[in-house]
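Hi,

Here is the structure I promised to pass on.

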Amino acid sequence: MAAPKPSPRPVTHLLFDMDGLLLDTERLRLVVFQEICDRYGKKYSWDVQSLVMGRKALEAAQVIIDVLQLPTSKGQLVEESQERLRELLPTAALMPGAERLVQHLREQHVPMAVASSSGSASFQMKTRRHKEFFGLFDHIVLGDDPEVRKGKPDPGIFLACARRFSPPAPVEKCLVFEDAPNGVEAALAAGMQVVMVPDGHVHRDLTKKATVVLASLQDFQPELFGLPPYK
């Protein structure tokens with residue numbers, strides 16, 4: 001019999017993933033990679049998507065090539081996908097509940113940051129329509145940051161993000177919000193609790209390690225982690 005999950009513990013600092021959690025970009029990425037894979041007669045499924053979510057672009061490309069046995073290089077796959085993504089990603093909308101939650105936390109002076117595997121150019125492209133929203137965070141750490149040597153599931157990006165708070169945040173007082181299995185693994189490896197908001201296509205087995213699993217950010221109850229409740 002599986003051991004029961006530990007109860008949520010109070011936190012003081014929040015770290016948010018971006019793609020698929022704050023911004024509806026994973027759906028667009030799925031469309032683009034399926035277009036590419038169609039030419040090779042391959043199916044780019046959510047199972048494959050789950051393997052690459054949270055990874056840096058070149059790391060993700062290599063996983064896709066290896067799993068689907070595509071006759072291309074990781075550099076070519078990234079270049080081809082980025083060209084199409086440049087057209088689609090600027091249209092990405094905020095995920096349901098994201099704006100309400102972040103506005104509430106800002107009003108309550110809760111320290112919060114973004115930890116995204118996106119590179120700087122990709123981040124600028126995706127957030128073009130949402131600059132005011134992303135301006136609400138204390139800081140943003142991206143995948144091409146010098147302190148981030150590996151993508152998720154390596155915990156480096158969350159540890160770097162926690163260190164950037166002033167004063168630095170203790171890992172046991174940090175709560176991570178993630179949609180990706182790799183991100184959940186990274187948060188746990190960093191010694192942090194994690195709220196997972198997976199896409200409905202993500203296999204249920206890949207959600208079991210999260211502290212709390214939600215269908216939407218709209219369902220988050222701040223008081224569960226000792227944070228000020230919604231008014």
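Predicted model: local features only at pLDDT ≥ 70, side-chain atom pairs only at ≥ 80, totals over all residues.

**Rings, core and pockets**

Ring pairs tie F16, F123, F133, F134, F137, F177, F220 and F225 together in a cluster. Rings of Phe, Tyr and Trp (its six-membered ring) pair here if their centres lie within 6.5 Å, with planes under 30 degrees apart called stacked, over 60 edge-to-face and the rest tilted. Residues are numbered from 1 along each chain as its sequence is written, and side-chain values use heavy atoms, with hydrogens and water left out.

There are nine aromatic pairs in the structure. One of them, F16 with F137, is edge-to-face, at 5.7 Å centre to centre and 70 degrees between the planes. That pair links distant parts of the chain, 121 residues apart: F16 is in strand β1 (residues 13-16), F137 in the loop between α7 (131-134) and β3 (139-142). Helices (H or I, at least four residues) and strands (E, at least two) are DSSP runs, numbered from the N terminus. F16 and F137 are both buried (under 20% relative accessible area with a 1.4 Å probe, protein chains only).

F16 turns up again in the largest nonpolar core, which has 30 residues; L14, F16, L22 and F177 touch the most other members. Such a core is a set of buried Ala, Val, Leu, Ile, Met, Phe, Trp, Tyr and Cys residues joined through side-chain atoms within 4.5 Å. The elements giving two or more residues to it are β1, α5 (98-107), β2 (112-116), α7 and β4 (174-178), and α5 has the largest share, four residues.

On to the pockets. A pocket is an open set of points on a 1 Å grid over the protein atoms alone where a 1.4 Å probe fits, with protein on both sides within 12 Å along at least five of seven lines; lining residues have an atom within 4 Å of a point. Of its 37 lining residues, R55, K56, A57, S117 and S118 are the closest to the centre. The second largest pocket has a volume of about 230 Å³, and among its 15 lining residues G20, M95, V197, P198 and D199 are the closest to its centre.

Cheers

Conventions:
Buried < 20%, exposed > 50% of the residue type's maximum accessible area, 1.4 Å probe, protein only. Points joined across faces, edges and corners; volume = space filled by probe spheres on them.
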